[in-house]
Number of protein chains: 2
Amino acid sequence: MEKQQNKSLIIACVFLFLFLASQIQCTSQTQFNAIRRINGPSFRTTVSRVNQQDLKKKDLIKKLPGQPSVKFRQYGGYVAVNESAGQFLYYYFVESIKTNDSSPLVIWFNGGPGCSSLGSAFQSHGPFRIHSDGKTLYHNPYSWNNEANMLYVEGPVQVGFSYTNTPFINSHGDSLTAEDNYMFLVKWLERFPEYKGREFYIAAQSYGGHYGPQLAQIILHRKAQTFINLRGMILGNPTFEKEIESKGNDEYLVGHAYITKELVAHKNQICGSTIDVDIFSECGKADRKIMILTRQLNLYNIYAHVCLNSTLTSMPKKYTTVTNFDPCSQHYMTAYLNRANVQKAMHANTTKLPYMWSQCNDDIRIDYNSTDKYVSMLPSLHKLMGKGIRILVHNGDLDAVVSVTSTMHVLKKLNLTVEKTWRPWFSGREVGGYTEEYKGNFTYATVRGAGHTVASDQPIRALTLFTSFIRNTPLPYM
Amino acid sequence: MEKQQNKSLIIACVFLFLFLASQIQCTSQTQFNAIRRINGPSFRTTVSRVNQQDLKKKDLIKKLPGQPSVKFRQYGGYVAVNESAGQFLYYYFVESIKTNDSSPLVIWFNGGPGCSSLGSAFQSHGPFRIHSDGKTLYHNPYSWNNEANMLYVEGPVQVGFSYTNTPFINSHGDSLTAEDNYMFLVKWLERFPEYKGREFYIAAQSYGGHYGPQLAQIILHRKAQTFINLRGMILGNPTFEKEIESKGNDEYLVGHAYITKELVAHKNQICGSTIDVDIFSECGKADRKIMILTRQLNLYNIYAHVCLNSTLTSMPKKYTTVTNFDPCSQHYMTAYLNRANVQKAMHANTTKLPYMWSQCNDDIRIDYNSTDKYVSMLPSLHKLMGKGIRILVHNGDLDAVVSVTSTMHVLKKLNLTVEKTWRPWFSGREVGGYTEEYKGNFTYATVRGAGHTVASDQPIRALTLFTSFIRNTPLPYM
């Protein structure tokens, strides 16, 4: 009888505790409406008093709607990066399928700036892809959680499900993003303490070429290494220095016979080193001529089909495979992530945002601090190398947005010392791309037949590359 | 009763006639064994005394083994290009699906030198493709016989089913090939007189960049225009001037990040303008370094999968589509064309050749007159333009064998006057490629996402291009 009473008491306590824990998060989420914030960038490193570990259980995703059965756990939820201003980043976390407890932790950032990491989670290297019905999921056997615990973060605030509850008039910029990402990580590790001290990697693409090195630098600067065991950084089609890359992209399009050498020579003659072009100037006109020639293409993969019919199908399209990327995937994803039952299952959009989830927030892309956009990341890369951070930079070779030609210019300017010369690497008995290794733990690799979003177009090759990076083994040869 | 007798008499005469006609061809084909010929190049223009028209009926292919039903007729058989030496070219002819009688006649040549036109007939723009079982065919809805009567010729002699019955020690060369092709055409038009005077086009790819202009020049020189109504020439990834093209291919591979700029600069410094490289020289070594980097690729389409398992399947592979080219297609074709029932149906290999049918005869590729290989076709192109021959040159932009970059150099050297500037063209609501038009009825076009064999990789875009050329209409815009 006493035992029975004790049991009841324990159950009551657990319920009370869960209730209080949920109230803490609910209060902080519902007392504001999601609006632009007015306070400018500030450095905030105070870790929340909320017991993050208790929130973890709440974040467990039982099952995503339409999802096939899997053996790993998924979590989704919010982390406050500025509690007083009510600023929250949404995350989706996928445990590694490996049963041991030592799989590394990898944080993933999409670029833009302003694009959601869920784009990569549900169209690229996450465990599921979304069917053409916008309702059901199919398994991606080449998911990066084959190798690591994958943490997808939607940032900066106002991207995807992430939001702010206070008016916000200052534009987004690199320092604020980096601080928010750092704060996110610190708090998330409080929520998931088993990953403290675990091998940690930063992974990103595109404008993530800024986010990655900047987060890495904060981590090293704050000497947070006791619990953030940063080992390396893998960056795909990253933007490091826009000026040099812009010229590289023109060259790339000439080399692929989409525009003519003469048009580019004409533009270069008129524009000189101008970057931000006034569209009505002579330089703007020359630039526009090039733009017009390529506007009907998907510049993120110049040989891909474009999406000609984005209508959802009543049933999933037949014969859909992960290795044959559907150019309309983004539409299926947008439909899926805006479904009430999906948001509920993912613990997303709990505050009823006054806008739909979308892959990219174009306002952020436009408003993002333009000085930051043109800052070179090359000194930062050198610093990180100096601190023993292992770096793998790679390019899908069909991308005209951050093209392989652009990155070649960047590599030249980085002025690295070749350790192992240019050679092909292999995946599935085929050439996966080419690679060169440099002194200071810096590897460059191309991914053959992939566009900007490498794992969307070449999931097998991307997983080979990722695995090799995580395991710190040379890319396979034959 | 009298009527009955007359009828019997007529039937008997027809049979006698058919018997005699068949004897004429059979005798000429079986009295020799297929061996290399000893007589050198000679100009032979005497048209055979054999009644070609009678042979036509014999050449009718009732049905190819494993073929789906179609409404057009197909023919296959031999035409003697040098009767005294017993030299025969095999042809496969596919009537246009158009029911009117005015569809043009198009003769098609594969390149090599030494590669069979049947390669294009059964893997590219012919009416059928071959299943992975090597036994059955499926329909190609984008076949070029949607628009024209397609005449595929296996040349020069000793390519594919074409053969010679006399020993042959002189190497093959352009003049002999052109003469044989001309003789073939003259005799074939005797066999199919309904095509005399019909709009006639020469179509070719690769080394066909030599065959095409040379045949065209003979036709014009012999003033055969009364019965050969040559209007134009369509050439895909054609080789016109090997020296300039070789450098272009290196540039192409650099631009696509398969080899490095530094390696090519090193090679150019050592090799200068050397073309035929001694592999043991310093230049040879520099060249070999580049070769090694790309030897595991399919250079005919640098992003295509390579064939990793060429084994025939017991049943056709599921979900095979024309728009998804199978990299093992060549193996299915070789199996199919070496089947006894297929050869019988096609009236091929009637003399029991002591070798198998193969896509390319590498001996010819190697032995072909090396001076001819390096002769520039540019003067010939200018001459043909001067005589009002309409020319469309196009490049699949994924080919590294005769790359788009190489052809750009050729175009520059051709020094044409731009009439309509560089712009995209469209096929199926997507960018099919880019095009520029020049004075003198010369059009250049790229085909986006296609390799060396344009219609294999991009059958829809290739048909759009071909149709536009045949109809003499501008390439579609949107």
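This is a predicted model: local features need pLDDT of at least 70, side-chain atom pairs count only at pLDDT 80 or more; totals for chains, interfaces and linings use all residues.
Residues are numbered from 1 along each chain as its sequence is written, and chains are lettered from A, with ligands numbered from 1, in the order in which they are written. Local features need pLDDT of at least 70, side-chain atom pairs count only at pLDDT 80 or more, and totals for chains, interfaces and linings use all residues, while side-chain values use heavy atoms, with hydrogens and water left out.

The secondary structure of chain A comprises 16 helices and 14 strands. Helices (H or I, at least four residues) and strands (E, at least two) are DSSP runs, numbered from the N terminus. Chain A has 478 residues, of which 58% count as buried; buried means under 20% relative accessible area, exposed over 50%, and partly exposed in between, for a 1.4 Å probe and protein chains only. A contact is defined by heavy atoms within 4.5 Å. Among contacts in chain A with a separation of 6 or more, 75% come from residues 24 or more positions apart.

Two copies of a chain are related by a rotation about an axis and a shift along it. Here chain B is superposed on chain A by a rotation of 180 degrees with 0.0 Å of shift along the axis, at an RMSD of 0.0 Å. This is the relation of a two-fold axis. In chain B, the C-alpha nearest the axis belongs to B:G255, at 2.7 Å. The superposition is by least squares on the C-alpha atoms of residues with pLDDT of at least 70 in both copies.

The interface involves 39 residues of chain B in contact with 39 residues of chain A. Because 100% of the interface residues of chain B are also interface residues in chain A, the copies meet through the same surface. The size of an interface is often given as the accessible area lost when the parts come together. Chains B and A bury about 3200 Å² between them, 56% of it on carbon and sulfur atoms; this buried area is the accessible area (1.4 Å probe) that the two parts lose on being put together, summed over both.

Across the interface of chain B and chain A, 13 residue pairs are in polar contact, both residues at pLDDT 80 or more. A polar contact is a pair of N or O atoms within 3.5 Å; within protein, one must be able to donate a hydrogen and the other to accept it, and residues adjacent in sequence count only if both atoms are side-chain atoms.

On the side of chain B that touches chain A, the elements giving two or more residues are α6 (242–255), α8 (282–294), α14 (404–414), β12 (418–427) and β13 (430–438) of chain B. The most is given by β12(B), with four residues. By class, this side of chain B has 22 nonpolar, ten polar and seven charged residues. Ala, Val, Leu, Ile, Met, Phe, Trp, Tyr, Cys and Pro count as nonpolar, Asp, Glu, Lys and Arg as charged, and the others, Gly among them, as polar.

Within chain A, A:N110 is placed in the loop between β4 (105–109) and α3 (118–123). A:N110 counts as buried because its relative accessibility is 5%. The side chains of A:N110 and A:S120 are joined by a polar contact of 2.7 Å. Beyond its neighbours within four places in sequence, A:N110 is in contact with A:C115, A:S116, A:S117, A:S120, A:Q205 and A:Y211. The loop between β4 and α3 of chain A also holds A:P113, and the peptide bond from A:G112 to A:P113 is cis, with omega near -5 degrees.

In chain B, B:Y211 lies in helix α5 (residues 208–221) and is buried, with a relative accessible area of 2%. Not counting residues up to four places away in sequence, B:Y211 touches residues including B:F109, B:N110, B:P113, B:P156 and B:Y368.

Most residues other than glycine have a negative phi, and most peptide bonds are trans. A:Q158, found in the loop between β7 and β8 of chain A, is not a glycine but has a positive phi of about 85 degrees.
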